[in-house]
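Hi,

Here is the structure I promised to pass on.

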Amino acid sequence: IDRTIHEATMERKMYPSPLNYYNFPKSCCTSVNEIICHGIPDSRPLEDGDIVNLDVSSYFNGMHADLNETVFVGRPNDESVRLVHCAYQCLMDAIAAVKPGTMYKHMGDVIEARAAKYGFSVVRTYNGHGIAEMFHCGPVIPHYAGNKAGGIMQVGHVFTIEPMINVGVWQDTTWPDKWTSSTKDGKKSAQFEHTMVVTETGAKLLTPWKDDIPFYQRQLKELGIPLPEIKE
């Protein structure tokens, strides 16, 4: 996966933003099952029933962009379907709330409200962030409710929203490689991310899906598995 992403990035005259970023050794992040984020691609074969988050970032003409999504390996169980769909809905709810004058801290309230309907938790250690000439910069956008982040959205602001949703507890632990972040209880985690710009009418996605359909939904359709339904 890492080789494929690296080669595809270079073919498009771009540079993979993660490569050598604070000594990160690969061109993308692959986070499997209980890995929340920053998983380093390795030689472990993917197995039927796994979920894997692919986090891809690129540098082109002086600008970075950042996106990720979680997909299924083989046929997912019911818990994985609910988790991945919840993470997607958390991101889309937050994007729908983006507009000039909105406080950045409000994103966490929106995201945690959605996760709570599934009985899932929201990771607190990692945040959305500003992005442009720098890979990571202000504003800081926490994904959990009641956070104290400062700042108000204005037209032209560019940033990511990237909620990480856990089946179990929200707490995480970092591996000795100083990058890989795992759920503390070993239960699964899923994440989705887009880079966007604030316009006068809301958010314009700079990293949209083809036909606005995330890949996991295409997978579920092929498998004949319906999207989970949660009472609003």
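**What I found**

At 12% relative accessibility, N33 counts as buried (buried is under 20% relative accessible area, exposed over 50% and partly exposed in between, with a 1.4 Å probe and protein chains only). N33 sits in the loop between β2 (29–32) and β3 (35–37), where helices (H or I, at least four residues) and strands (E, at least two) are DSSP runs numbered from the N terminus. Its phi is near 55°, a positive value in a residue other than glycine.

Before going on, the ground rules. This is a predicted model, so local features need pLDDT of at least 70 and side-chain atom pairs count only at pLDDT 80 or more, while totals for chains, interfaces and linings use all residues. Residues are numbered from 1 along each chain as its sequence is written, and side-chain values use heavy atoms, with hydrogens and water left out.

K13 also has a positive phi for a residue other than glycine, near 65°. You'll find K13 in the loop between α1 (2–11) and β1 (15–16), and K13 is exposed, at 70% relative accessible area. One more backbone item: a cis peptide bond joins G138 and P139, with omega about 5°. P139 belongs to strand β8 (residues 137–141).

Now the overall picture. The protein has 4 helices and 15 strands. Its radius of gyration is 17 Å, close to the 17 Å that the globule rule gives for 232 residues, so the protein is as compact as a globular protein of that length. (The radius is taken over C-alpha atoms, and the rule is 2.2 Å times the number of residues to the power 0.38.) The C-alpha trace spans about 45 × 45 × 35 Å along its principal axes, and 50% of the 232 residues count as buried.

As for contacts, meaning heavy atoms within 4.5 Å, residues 24 or more positions apart make up 66% of those with a separation of 6 or more. On the charge side, the mean positions of the 22 positive and 28 negative charges are 3 Å apart. Lys and Arg count as positive and Asp and Glu as negative, with His and the chain ends not counted; each charge is placed at NZ of Lys, CZ of Arg, CG of Asp or CD of Glu.

Which residues touch the most other members of the largest nonpolar core? Of its 37 residues, they are V98, M107, F159, I161, I165 and F192. (A nonpolar core is a set of buried Ala, Val, Leu, Ile, Met, Phe, Trp, Tyr and Cys residues joined through side-chain atoms within 4.5 Å.) The elements giving two or more residues to this core are α2 (78–96), α3 (106–118), β9 (158–161), β14 (194–199) and α4 (215–223). Helix α2 gives the most, with 10 residues. A second, separate core of 5 residues includes I36, C37, V123 and Y126.

Leaving aside neighbours within four places in sequence, the contacts of M196 include I95, V98, F159 and I161. The C-alpha atoms of M196 and P41, 155 residues apart along the chain, are separated by 26 Å.

Last, R3 in helix α1 counts as exposed at 61% relative accessibility.

Cheers
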